[in-house]
Protein chains: 2
Amino acid sequence: MKIICIKTELNNAINIALKAVPGKTTMDILECMVIKASADKIQIIANDLELGIETSITGQVEEEGEICVKAKMFSEIIRKLPSDEIKIFTEENMLHIVCGKAKFSIPVQSTEEFPFLPEVMKEKKIIISQYTLRNMIQKTVFSISDNENNKIMTGELLEINGSKISLSSLDGHRISIKNENLKEEYDHIRVIVPGKTLIEVSKILTGNVDDPVNLFFTDKHILFEFENTIILSRLIEGKYYQIENMISKDYETKITINRREMLESIERTTLLLKESDKKPVLFDIKDSEMVFSLHSDFGNMDEEMDIEKEGKDILIGFNPRLMMDALRAIENETINIFFVNQKAPCFIRDENESYIYIIMPININAN
Amino acid sequence: MKIICIKTELNNAINIALKAVPGKTTMDILECMVIKASADKIQIIANDLELGIETSITGQVEEEGEICVKAKMFSEIIRKLPSDEIKIFTEENMLHIVCGKAKFSIPVQSTEEFPFLPEVMKEKKIIISQYTLRNMIQKTVFSISDNENNKIMTGELLEINGSKISLSSLDGHRISIKNENLKEEYDHIRVIVPGKTLIEVSKILTGNVDDPVNLFFTDKHILFEFENTIILSRLIEGKYYQIENMISKDYETKITINRREMLESIERTTLLLKESDKKPVLFDIKDSEMVFSLHSDFGNMDEEMDIEKEGKDILIGFNPRLMMDALRAIENETINIFFVNQKAPCFIRDENESYIYIIMPININAN
C-alpha cells in the first residue's frame, strides 16, 4: 500500500471512524482501524461488533492494499504531523508515515482477522435532515438507562408512521419523546436502536438542516448513510414498552412557567444535595405562585416563582436532576406542565406534542 | 451579623480565599471560611495552616460579627444566586442568604477554633509588579519536586541581591532559574517559598504590569500584599542547594534553533511513549543539522531540523518531557542550547541570563 493524502481530510476521517473503536476490549483487533486503498478512494474502517463505521477520503493511491493499524496511536500521530501532505506506505510489516521532515514507523497487522462490515441490502430508503436527526437524539438520549441488565432500556424506540418519525426513551423514572415530520410518507417501522449508537451518530452528524442522512433497515441492523460515511449498527432485539399507553391527556392542574428561570431555580436546589442524595425538590403550587423548596442535611432552600395556573393547587416532589434534564432539552421560552395528583407522573409538552417529557414524582409522605 | 453586598464582588473574594481551603483535611474547621463584618469592611478569611488568605470587599454592614461557614458549599451557593444584591445574616445558628426570590439557610460554626492569620511585622517592603512576579513563578514552578520526602525541593529559592530578584527550582533532573530587575535596591534575602504557595499566588495575581505586590519577610513567613488581599505563607526551613555552583559557562557545542519547531518536533516523539516510559529522545547534532529520534516498543520516529552550530558534533539523549517543559516556558523565537558532553547537563539560556534552564541527559549507552 502506498498513498498520498491531505492531513486535515485524513484526520477528519479518522475522528469519525474512532467512534467505533472500543475504549476497552479483550479483542486486540478491535483496537485497530483498517486503511484500505483502492483505485478510486482511501477508506478508514472501524468496528466494535455492535457499531461499525466506514468513511472515505480522496487521495493519490500509488499502490493498492489494506492494513490494520492501532487506531489510537495512528490518530495521535496524524493529528500532530507538521504539514499538510502525508505519504503513507507499508514496508517490512511497518507502516511508514512521512510528513515534512518527520518520519514515523509503526507496526501493522494483517486485515485477515478484522471484522469488516457485512453487506447490507439497501431497500426502502428513508431520508431525514442531519439537523433533525441529531436534534431528536440530543433531546431524548439522556433518559436511556445505563443498566445493562435491561438491554431494551439502553436503547431508544425509533418509530416511523407515514410521514411522522418519533424517538423515545425511558429508564423507569421518566419518558422522553421527540416527534418530527418527514418530507415523504414511509412504511411503518418500529425498532430499538442502541443508545450508544445514537450518541456516536449525533457526534458525527454535521447538524446542517440541508444535509440529508439516508436510513436503511434490516431485521438486525440500522444503516446511516451520509456524505462519505456509512454507520452500521445492530438493533436491540425484543419488544419495546407500549409508550403510547402511558400517555394521558387528563390533568387536574396545568401551569405555564418560564423555562429558564425554573431550570436555574432547580439547579440552585441541587447545591444542597450530594451526588447520591435522593431528596426531592418540592413544588408547592398555590394560586399564581409556585414555591420550590428543598431540605437536606446541608441546609434549606426555597424560592418563589410566578406562574399561570389552571385547576387545583398541588404539592408534589420530584428528583431535581430528572426535572433539570427535561428542562435543558426544551428550547421554548415558556412551557406547560400538567399534573394529576401527588403520586402520578407530570407531563411537560407543547401543544402539537413535538416533545413530551413524563417524570414520576417522589413520594413525599415517605420522607 | 447582617450584611448586604454585591454578588460579583463577594464571589471574587470567595474565589481568592478558596485557594487556602485544603482539598482534604482531617480538621473540619479548615474546610470553613470566616466571614467577618466590621464597621468599614467585610473580610473573607481562609487558612490551611501553611497558607492563609485574607481578602475584603465593601458592603453595607447592618450588624457586625464573624462566623465560620463550610467554604465549598458557601461558594457554590453564592456563585449560583440569581441577581446582584445579596443579604446575608445569622439567626439561630444558621446563615441566611437571600437574593431575589431565592433563600438559602445553612449551618454556621463559631470562629473560636478557627486559626486566624498571625499578625506579621511589616518591615522592609519589597515592591514588584504583579506581571513580573506571576511570570517568574510560571516559568520556574514546573520543576519543583512533588516528592514530600525532600521538603526543600518542593519549594523555590527566592533570592534578592540589590535590585536583582531571582526564583529557582530544581528536582534532581533539572534546574529552572528566572532573573528579573527590581526598580529599587534592597537588602539581601534568600528564602525557600513552598511551591504550592507560589502556584496559588500566581493564580490570584491579576498579572497587570502596573499593579504592584508588596512582599514582606519574617524568619518564618512571606507575606504578599496587593489590592484588598494579603496572603501569608510559611517558609520552608533549611538550607537550599548552592545553585550558583552548578552553573557553568563552558561548552563544547552551541546550537541556535527555532524554539517552536523544536518543541513541536519533540512533542511528536512523545506520541510513541507511554506515561511511564523513560526512553530518551536522541539529539544527533552534525554540521548544520540536528536529527531528533526516538525508538520505543510502539515504533520509531525521526525528524530533521536546521540549526546553526558552533563547536563539536554531539549525540546526546534527553527525557523529552523535561525538554518540553523548558521550551514551553521560554518565549523567544530562537534559543541557544549549550552542550559539554554526552554525560553533562545542557544549558538553555539567553545572553543576559534572564532565564537559565539546565537539563541532565539520559545515559544513552545504558539503553
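Which strand of chain B does β19(A) pair with, and in which sense, parallel or antiparallel?

1. Basis. This is a predicted model, in which local features need pLDDT of at least 70 and side-chain atom pairs count only at pLDDT 80 or more, whereas totals for chains, interfaces and linings use all residues. Residues are numbered from 1 along each chain as its sequence is written, chains are lettered from A in the order in which they are written, and side-chain values use heavy atoms, with hydrogens and water left out.

2. Strand pairing. β19(A) pairs with β9 (residues 102–107) of chain B in the antiparallel sense, over four bridges; pairing requires at least two DSSP bridges between the strands. Within this arrangement, A:E303 is opposite B:A102 of β9(B).

3. Extent. Contact (heavy atoms within 4.5 Å) involves 26 residues of chain A and 26 residues of chain B. The two chains bury about 2500 Å² between them, 55% of it on carbon and sulfur atoms; this is the accessible area (1.4 Å probe) lost on being put together, summed over both. Of the area that chain A buries against chain B, A:K101, A:R268 and A:L271 supply 26%, more than any other three residues.

4. Charged pairs. Six salt bridges are counted between chain A and chain B, each a side-chain nitrogen of Lys or Arg within 4 Å of a carboxyl oxygen of Asp or Glu. B:K80 and A:E267 form a salt bridge at 3.8 Å, N to O.

5. Contributing elements. Elements giving two or more residues to the side of chain A that touches chain B include α5 (259–269) and β19 (299–306) of chain A; helices (H or I, at least four residues) and strands (E, at least two) are DSSP runs. β19(A) gives the most, with seven residues.
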